[in-house]
Every structure is written in structure tokens, then in C-alpha cells.
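Subject: Structure for you to look at

Hi,

Here is the structure I said I would pass on. Please open it alongside this note, and the findings follow below.

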Amino acid sequence: MFIGRKKELEELRGQFSAPGKRAVLIYGKRRVGKSTLIREAAKGLHPHNP
């Protein structure tokens with residue numbers, strides 16, 4: 001279950017869908033849900049076919 005972080009989730013999804021390659025830094029204290037945020041934002045992404 002994923003609760004909250006709507007703003008951060010939308011920002012990360014926007015970065016994933018933006019044209020070109022970008023680096024995104026996600027930082028914070030331990031055990032606050034950084035990895036969960038990344039997994040939730042990546043749901044529905046399809047691998048890019050070369």
C-alpha cells in the first residue's frame with residue numbers, strides 16, 4: 001500500500017516521462033520510503049526498445 005507523497009510521486013513520474021536522459025537524486029533519512037517511492041513511480045513504465 002502506498003500512502004501520501006503525491007507531490008513527490010508526480011514530480012518523479014514527470015522526470016521519468018520527460019524527453020532526454022536525466023539524473024534524479026532522491027535523498028532522505030533511513031526508512032522513510034525512498035525505495036517505495038521509486039517503485040511506485042516506476043509502475044507502468046515500459047522498457048525502451050533500442
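**The salt bridge**

Glu-40 and Lys-43 join their side chains in a salt bridge, at 3.1 Å from N to O. The term means a side-chain nitrogen of Lys or Arg within 4 Å of a carboxyl oxygen of Asp or Glu. The structure holds one such bridge. Buried means under 20% relative accessible area, exposed means over 50%, and partly exposed is in between (1.4 Å probe, protein chains only).

**What you are working with**

This is a predicted model, in which local features need pLDDT of at least 70, side-chain atom pairs count only at pLDDT 80 or more, and totals for chains, interfaces and linings use all residues. Residues are numbered from 1 along each chain as its sequence is written, and side-chain values use heavy atoms, with hydrogens and water left out.

**The chain overall**

The chain has two helices and zero strands. Both kinds of element are DSSP runs, numbered from the N terminus: helices are H or I with at least four residues, strands are E with at least two. H1 covers residues 6–17. H2 covers 34–42. The C-alpha trace spans about 35 × 20 × 15 Å along its principal axes. Of the 50 residues, 12% are buried. The accessible surface is about 4900 Å², and carbon and sulfur atoms account for 55% of it. Areas come from the Shrake-Rupley method with a 1.4 Å probe; for residues, only the protein chains shown count as cover.

**The largest pocket**

The largest pocket has a volume of about 240 Å³. H1 and H2 are the elements that give two or more residues to its lining. H1 gives the most, with five residues. The lining has 14 residues, and those nearest the centre are Glu-8, Leu-25, Ile-26, Tyr-27 and Leu-37.

On method: a pocket is an open set of points on a 1 Å grid over the protein atoms alone, where a 1.4 Å probe fits, with protein on both sides within 12 Å along at least five of seven lines. Lining residues have an atom within 4 Å of a point. Points are joined across faces, edges and corners, and the volume is the space filled by probe spheres set on them.

Ile-26 deserves a look. It is found in the loop between H1 and H2. Leaving aside residues up to four places away in sequence, Ile-26 touches Leu-12, Lys-34 and Ile-38. Contact here means heavy atoms within 4.5 Å. Ile-26 and Leu-37 are 11 residues apart in sequence and 9.5 Å apart in space, C-alpha to C-alpha.

**A nonpolar patch**

Phe-16, Ile-38 and Leu-45 form a nonpolar surface patch, with about 250 Å² of accessible area together. Patch residues have over 30% relative accessible area and no salt bridge; nonpolar side chains (Val, Leu, Ile, Met, Phe, Trp, Tyr) are joined within 5 Å, like charges within 9 Å. Phe-16 belongs to H1 and is partly exposed, at 35%.

Which residues other than glycine have a positive phi? Arg-5 is one, with phi near 60°. Arg-31 is another, at about 60°. Arg-5 lies in the segment before H1 and is partly exposed, at 29%. Arg-31 is in the loop between H1 and H2 and is exposed, at 80%.

Best wishes
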